[in-house]
Amino acid sequence: MANKKYDVIIIGAGVVGCMVARFLSRYKLDILLIDKEADVGMGASSANTAIVHAGYDPVPGSLKAIMNVAGNRMWDTLAGELNFPFERRGDYVVAIGDEELPLLNNLWERGVKNGVPGMMMLSGDEVRRREPNINPKVSGALWASTGGICDPFAVVIAAAENAVQNGVTLMLETAFEDFVMEGNRIVGVKTNRGTFGCRWAINSAGLYSDVVMHKAGQYPEFKITPRKGEYYVFDRAEITINNVLFPVPTPVTKGILVTTTIHGNTIIGPNAQDIQDKEDRSVTREGLAEVWRDATKLVPKLDLRHVIAVFAGLRPGGNAPCKTPGVNYGHDYIIEIPEGVQGFVNLGGIESPGLTSAPAIAQRVIEMLKDAGEKLEEKRDWDPIRPARPRFRDLSPEEQKILIRNDPRYGRIVCRCETVTEGEIVAEIHAPIPARTYDAIKRRTWLGTGRCQGGFDTPRVVEILARELGISPLEVTKKGPGSQFLVRPTKDVEG
Amino acid sequence: MAEELTKLICITCPVGCTLEVTHEGKTLIKVEGNQCKKGVDYAEGELTDPRRMVTSTVKVRGGVFPLVPVYTAAPIPKPLIFDLLAELRKVELQAPVKVGQVVLKNALGTGVDILASRNLPAGD
Amino acid sequence: MLKQKYDVIVIGSGPAGLAAAIEAKKTGAEDVLIIERAKELGGILQQCIHNGFGVEILKQDLPGPAYAQRFIDEAEQLGVEVLLDAMVLDISPARHIYAISKWSGFAELDARAIVLSMGCRERTRAQIRIPGTRPAGVYTAGTAQRFVNIEGFMPGKRFVILGSGDIGMIMARRLTFEGAKVERVLEIMPFLTGLIRNYVQCLLDFNIPLQLRHTVSRIIGNSRVEAVEAVQVDDKWQPIPGTEEIIPCDTLLLSVGLIPENELSRKAGVALDPVTGGPYVDEGMQTSVPGIFAAGNVVHVYDLVDWVTEAGFRAGRSAAKFALAERKRAARQVKLQPGDNIRYIVPHVMDKESLAEADQRLQMRVIQPIEDKVWVEVLDGDNLVTRKSQRYVRPGEMVTVDIPQKAYDAVQKADTLTVRVVRR
């Protein structure tokens, strides 16, 4: 029946799956990581606010709160080992007008209960001084020094790459179909690319984590409701925000915030719209209007003329009740080895702060496996370091000079808005996890994300991808099969 | 043949007068809506022998790019545009190409030559 | 071999840059260098294979590449140096330039004068915030033009074009010529934004429908565009419910405006006009930073290439004079201010003495079309300095008015000159 037998199969290569793969790669295990998409991190991880949350928001006692605070602590080490951009700039929850001020106290108390270090209450004057673009009616803010921002694509890619470096097998365009059971034990995973045996299957399927756990016979009442969030990105030449600015939260969400990407672009969003379709990342007129209304409450000087991109992401909102006695909360994470089925690690409903929590969840998976009697033996040659590839724009002129001298392809700028060179693109195409589509290159280099949105670089990237992959430009895609850029040679009218 | 009314926009100058042209087949009867005499000439031309400059590309072997742009040395009859484009698809030049080089002589017997619009050096 | 110091360095080799380099040489600058990011000179003209270039200044109707070739040949004959396939990373206000290329590596250059002629970029889908999915098959008209005319590939088979700008209409014809179907051109404004000539020869000639007061309200399709939803808009450009229509297509082309490309100008500390998106310039095309000049679409978006070339000549001449220390700093300037129905005026300021040498030309765009006889008036307060009659004004066509030398005395008294358009 099985093509090959693995110790562990991880279903879903989003931030959670990739972190689990990376942390487990430390041990003598044969691991397979699968994802239905053409790249890692294409689900909830593909579009989010890129914030490493401090942890004052989740309900005290919930798994969310525990994972958030534990995860947050791990990020400095993680960023150092995996070499992705991460900055602990701190974040603010901003009260506008006197009526919002008391709400900050609730968050303060939650933060204290959750064990969040480094919080401080700031006066309106102080906030105005620190963030000059803020609404002048600001009455105060909760400041959390442990909040941070990262490059969310780089996090997922770096974790996956480090896992692959350490022997994990990654299979993309490989969709989970069902489990192979022996009695109540999972012994394999059926996919569109064949069946693979395993001793453990880990559900990190994000938006589809409900489907996967139902196939294992777990939590039939658990349901993921995709929650769409829409965003705007601004030209960094026109407006800059120094820090993460949250509004005071509502019972449902942390609200529409104003923040900055690690590359300095102001970003606003997300709203929270429950939908049915797990693939619907379309932006709506109404949603954009909602985001605009709320974000301009925080920063009134935002100007529509400076918007360079709009996009939507989906959070995998679950309905799992919190298991801590006395805590009444209905949207907690599921992180467990269930009793009803053997060989199954179930991770479900990992919505925000999922990015922050991912390393803590991975650590928890290791502990749970140990508790389940798995003898995890460390590899001698495990290398926790994922070497970074050069990013031309971040280098000093001296370093740039040397880079170009050693490889002249770093002397050709392909994306002028984000200063991305041909050398970087080629390096990503031939990386341990090869970037084989335009969007894959975009997520890795941030090419095409600037003010011209790929208008200038697209023909060049198509040419480079075709050349490096040894395919026709007609076969080059934006994001996998069916998304070809070009349809035929100009002169081949019949073609 | 019955009288017909055809609306045209004169493009002799940027004003772009909307001309109401009364005609019987190709015979002009009257023009209204023009702000100067050029409008009458334009209407006459459009009725009897409408012509257009045509620009396109032809294939090139061994050039820095796979195509070279070309243009008609003079306007050609409008009904022949798509025939000309079909002819041009059959042409394949060898690089290098010089600007002004005749790509197709006396295209479709119109007496109009097709010329290259640029220099195209040989590539690797 | 690159020198370390140049009299004039021109950034960008489109029509403005070529003209600036040529004129700088002719004015006496010895070492003139053009830095171009593409592998050849000519800029965007190389992909504009349609004719219509040169009618005003060459008295010849040429395709874009042939027009460019004239100036490329002239620059070569005059001994202008070129650095191709290169990108300027930074410019300091002291005119120190950092540039890189695959061929010459990392270069640091000094210029006595700089001409910025980087042109413009196209507005994108995001800037007009079209809702819907993000599939392959949404291109700006210029990107599609490059694929079709230079790279040799068609980006789709069935097109909808948003925007009645010139590039959009020209691409409608071009795609039709190469066997594609252009379903429709949509324009959100109640009037055409490109030239009538292009409407007639690119759309009417080939029965391509144009719908004014319409826009795209949604893009449909996950991997590749499958359709767009078109909708009629009201006077405030808001969609009118019930007018939605799904148009099946595999490609959406955007021709929704051009934005001067001034990221380098900012780095050099050049002050930008929020209305044009380009530098504030004087009558000699000097920016707010002495010794840094600008010309062409980097300053404001032109309608005809001929006027871009003319602006390039002017900037090149000024830059050379500056480099040779012949250009005097203006002692007294007059401000030029938009009045009724004028969106902006270039130049923004004028040396009062410049009228002693020649008439001075003002270029501007109107806000609203007036299909009637109008006066374009230049006023100092209530006093008329000069005026000219026009048969109409349209936002798609630049308006020019010359301040004649005989207005010298009147201008000396003024602090600000206002230009307005009024019906006759």
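**Exercise 1. Find which ring of chain A the charged end of A:Arg130 sits over.**

Solution. The charged end of A:Arg130 sits over the ring of A:Trp143, 5.0 Å from its centre. The term requires NZ of Lys or CZ of Arg within 6 Å of the ring centre and within 35 degrees of the ring normal. A second case is A:Arg416, whose charged end sits over the ring of A:Phe456, 4.4 Å from the centre.

This is a predicted model, in which local features need pLDDT of at least 70 and side-chain atom pairs pLDDT 80 or more, while totals for chains, interfaces and linings use all residues. Residues are numbered from 1 along each chain as its sequence is written, chains are lettered from A and ligands numbered from 1 in the order in which they are written, and side-chain values use heavy atoms, with hydrogens and water left out.

**Exercise 2. Describe the aromatic pair of C:Phe53 and C:Tyr67, then follow the cluster that contains these residues.**

Solution.

Step 1. A pair of aromatic rings is described by the distance of the centres and the angle of the planes. Rings of Phe, Tyr and Trp (its six-membered ring) pair if their centres lie within 6.5 Å; planes under 30 degrees apart are stacked, over 60 edge-to-face, and the rest tilted.

Step 2. Over all chains there are 21 aromatic pairs. In one of them, C:Phe53 and C:Tyr67 are 6.3 Å apart centre to centre with 40° between the planes, a tilted pair.

Step 3. C:Phe53 lies in the loop between β2 (32-35) and α2 (64-78) of chain C, and C:Tyr67 in helix α2, 14 residues apart. Helices (H or I, at least four residues) and strands (E, at least two) are DSSP runs, numbered from the N terminus.

Step 4. Both C:Phe53 and C:Tyr67 are buried, a term for under 20% relative accessible area, with exposed over 50% and partly exposed in between (1.4 Å probe, protein chains only).

Step 5. C:Phe71 and C:Phe313 form a tilted pair, 6.5 Å centre to centre and 55° between the planes. C:Phe71 is in helix α2 and C:Phe313 in helix α8 (residues 305-323) of chain C, 242 residues apart. C:Phe71 counts as buried because its relative accessibility is 6%.

Step 6. Ring pairs join C:Phe53, C:Tyr67, C:Phe71 and C:Phe313 into a cluster.

**Exercise 3. State how many salt bridges lie between chain C and chain A.**

Solution. The count is seven salt bridges, each a side-chain nitrogen of Lys or Arg within 4 Å of a carboxyl oxygen of Asp or Glu. Among the salt bridges is A:Glu422 with C:Lys102, the closest N and O atoms being 3.5 Å apart.
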